[in-house]
Amino acid sequence: MSVLIAETGTTARGSMLHILAAGSVFFPGLFLLSKRCMKLAPGLRWSEADAVIVSARLVSSIQAIMASSAGYIIASSCEEIIEDQHWLTTTYILFAVPYFIYDIYAMFMCYWYKVQVKGHEEEGGARPVREVIRSYLWREFLMVLHHVVMVTVCFPVSVFWRQGKGDYFQGVMFMAELSTPSVCLGKILIQYKQQHTLVHKVNGALMLVTFFVCRVLLFPYLYYTYGRYASIPFYMVPFSIPWQYNAGAALLMAPQVYWFCLICRGAFRLFTGASRHPRPLGSTDSDPRSPLPTPANGYGPQDMEREPSTH
């Protein structure tokens, strides 16, 4: 019996490593393939900078669609929200973990090219790598921290600490990624100075709605769902669950609320035409001396007027 248990554990660990390896190949490989196609395809032949930035956003959108689809399948398959399990839950978590590591690099590459272009335009030369890294970590601190927490905290909690319970909640959290494609499309439109188009305004409205529904309302909905399951009032749910759940929900929700506030400010400027600090048409947000970092996961206060930082 002990031999059988040991063999089962070894098989499970081997399967986990295979899934992690698949994710480690898929996301960087998709990025490199997309970049190469954009640089070499007839009719495109984009520059290295354009190909990197658009490819990074394309990979983010594809990951978001995959995560949302997996989340819908999981959530719709779990009739009992605590005990029901779905094989796709742990599988997709393992597959997606390498994405967050890859995306830190992809965000840096996008930032690198934008800073180098601005450096050539304003200073007559490229900026040192060390200075760009410091600037990147400063401006994208919240997003980098978010990615690190996803790998070092959320991953072990979701795979090991849950002990197979709450797959429904995990599936619903996957669907938070529904807002990402509209965020990425908006950034591409800004990159090509299409802020004045109807497509950009429609996409901005869609992003505002999906971000609010899928990210800001996410944890209130999960609390409401658990309240119905446990037959307790909504306001009593925080007092009826372990403090670790409340702490985790607060830590994950806080940056979403912050980003949503920035998106709202940007949307207000987009639809009213207001701007406190008008900028030239070709200006970007890559100046690290700017006092307010813009979020990589959404539009900053002026991002409807200028290019936001990358996801």
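**Note on the predicted structure**

1. Leaving aside neighbours within four places in sequence, L252 is in contact with C154, M173 and F219, where contact means heavy atoms within 4.5 Å. The place of L252 is in helix α10; helices are DSSP runs (H or I, at least four residues; strands are E runs of at least two), numbered from the N terminus. The C-alpha atoms of L252 and M150 are separated by 9.6 Å, although these two residues stand 102 residues apart along the chain. With a relative accessible area of 21%, L252 is partly exposed. In this note, buried means under 20% relative accessible area, exposed means over 50%, and partly exposed lies in between (1.4 Å probe, protein chains only). One of the contact partners of L252 is C154, which counts as buried at 18% relative accessibility.

2. The model is predicted, so local features need a pLDDT of at least 70 and side-chain atom pairs count only at pLDDT 80 or more, while totals for chains, interfaces and linings use all residues. Residues are numbered from 1 along each chain as its sequence is written, and side-chain values use heavy atoms, with hydrogens and water left out.

3. The pLDDT, the predictor's confidence in each residue on a scale from 0 to 100, averages 82 for the protein, and 80% of the residues score at least 70.

4. Five salt bridges are found in a search of the whole structure; a salt bridge is a side-chain nitrogen of Lys or Arg within 4 Å of a carboxyl oxygen of Asp or Glu. Side chains of opposite charge can pair when their charged atoms come close. K39 forms a salt bridge with E48, and the closest N and O atoms of this pair are 2.4 Å apart. Both partners are partly exposed: K39 has a relative accessible area of 30%, and E48 has one of 25%. Together with K35, K39 and E48 are linked in a network of salt bridges.

5. A salt bridge also joins K165 and E83, with the closest N and O atoms 3.0 Å apart. K165 lies in the loop between α5 (141-161) and α6, and E83 in the loop between α2 (48-77) and α3 (87-123), so the pair ties together parts that are 82 residues apart in sequence. K165 is partly exposed at a relative accessible area of 38%, and E83 is partly exposed at 44%.

6. The side chains of E177 and R215 meet in a salt bridge of 3.6 Å, N to O. This pair links distant parts of the chain, 38 residues apart: E177 is in the loop between α6 and α7 (180-191), and R215 is in helix α8 (residues 198-216). Is this pair buried or exposed? E177 and R215 are both buried.

7. Helix α6 (residues 167-174) is mostly covered, as seven of its eight residues are buried. Those buried residues are D167, Y168, F169, Q170, G171, V172 and F174.

8. A nonpolar patch on the surface is formed by Y221, Y224, F234, Y235, M236 and F239, with about 700 Å² of accessible area together. Patches are made of residues with over 30% relative accessible area and no salt bridge; like charges are joined within 9 Å, and nonpolar side chains (Val, Leu, Ile, Met, Phe, Trp, Tyr) within 5 Å. Accessible areas come from the Shrake-Rupley method with a 1.4 Å probe, and for residues only the protein chains shown count as cover.

9. Q163 has a positive phi of about 55° although it is not a glycine; its place is in the loop between α5 and α6, and at 66% relative accessibility Q163 counts as exposed. S231, also a residue other than glycine, has a positive phi near 60°. S231 lies in the loop between α9 and α10 (243-272) and counts as exposed at 66% relative accessibility.

10. How many disulfides are there? With a disulfide taken as a pair of cysteine sulfur atoms within 2.5 Å, the count comes to zero. The sulfur of C264 is 6.4 Å from the closest cysteine sulfur, in C261, which is too far for a bond. C264 counts as partly exposed at 31% relative accessibility.
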